[in-house]
Amino acid sequence: MRPFATIVPALGLVALIAGCDRPSPVQPNVPRAAANASHANADATSGKPEIDPTYANGKTVYMIGPHMIVNARETQPNLYRHAEELYLLVYPQQIEPAPGAPPITLPSGYQPQCNPCFHPGLPAPFVFHDHVITGAPGMGNNGTAGEMKAPWKLILLVYNPAYVASPNFTPIKSEQELDAAEQAGNVFLPINQGGDNPFEIETGNVLICPIVSSHA
């Protein structure tokens with residue numbers, strides 16, 4: 001696994017992340033292998049927004065995003081303040097991935113939602129990742145139904161390599177599970193030492209990614 005010291009410098013590039021605004025569609029009902037291939041090799045000439053699988057309250061939903069606002073925390077503070085969290089949970093690799101890198105399968109058999117996704121501007125160490133949001137349509141009124149707005153503030157976390165290497169690994173699929181994992185202290189790398197939350201880095205960017213469908 002890549003030494004932590006070689007991952008940290010790439011975090012300085014996180015402000016360039018262009019998340020879910022890349023072209024080429026991936027339909028929710030296509031097989032995982034086909035979806036992964038389309039993620040990794042998006043057709044920049046199609047002009048069509050891509051649909052991304054995302055975890056919300058333990059279920060998989062799909063988001064579509066035509067736009068990103070860079071440095072919204074400074075330029076549009078009111079929008080940023082009211083945006084819900086979209087967590088990018090990264091699976092670090094021993095060798096820095098390059099375009100055309102093959103999918104990965106963890107010892108548990110799990111494959112990331114983005115396997116890989118070379119989002120425009122996303123540093124290469126972060127291209128294997130999952131998305132987790134705070135809520136989605138049809139999930140009741142107890143703190144989730146209202147948390148499906150299009151603006152999402154992008155927050156980065158990096159899994160601890162030792163944790164994901166377990167044959168019993170299961171991915172974080174909800175904000176509640178994420179909070180518990182941070183409390184446990186061994187699930188994520190401390191990429192923001194000295195910050196209010198040592199496991200999270202807020203990129204300052206806002207992604208406009210409305211939910212378009214959900215599957216149980």
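**View 1. Residues 140-147 and residues 13-46 in the predicted model.** Over residues 140-147 the pLDDT stays under 50, and for this stretch the model, which is a predicted one, has 12 contacts beyond four places in sequence. Residues 13-46 also have a pLDDT that stays under 50, and here the model has 92 contacts beyond four places in sequence.

View 2. The protein chain has a mean pLDDT of 77, with 66% of its residues reaching 70 or more. Among the elements of the chain, the lowest mean pLDDT, 37, belongs to helix H2 (residues 32-40), while the highest, 98, belongs to helix H5 (residues 161-164).

View 3. Within helix H6, which spans residues 175-184, the residues Glu-175, Leu-178, Ala-181 and Glu-182 are buried. These residues lie on the same side of H6, because they cover an arc of only 115° around the axis. Strand S4 (84-90), strand S5 (129-133) and strand S6 (151-158) are among what covers the buried residues of the helix. Gln-183 and Ala-184, by contrast, are exposed on the other side of H6. Just after the helix comes Gly-185, which takes a positive phi of about 85°.

**View 4. The disulfide of Cys-114 and Cys-117.** The count of disulfides in this model comes to 1, and it is formed by Cys-114 and Cys-117, whose sulfur atoms are 2.2 Å apart. The torsion about their S-S bond is about -85°, so the disulfide is left-handed. Both Cys-114 and Cys-117 are buried.

Methods: Residues are numbered from 1 along each chain as its sequence is written. This is a predicted model: local features need pLDDT of at least 70, side-chain atom pairs count only at pLDDT 80 or more; totals for chains, interfaces and linings use all residues. Side-chain values use heavy atoms; hydrogens and water are left out. pLDDT is the predictor's confidence in each residue, from 0 to 100. Helices (H or I, at least four residues) and strands (E, at least two) are DSSP runs, numbered from the N terminus. Contact means heavy atoms within 4.5 Å. Buried means under 20% relative accessible area, exposed over 50%, partly exposed in between (1.4 Å probe, protein chains only). The arc is that of the directions from the helix axis to the C-beta atoms. A disulfide is a pair of cysteine sulfur atoms within 2.5 Å.
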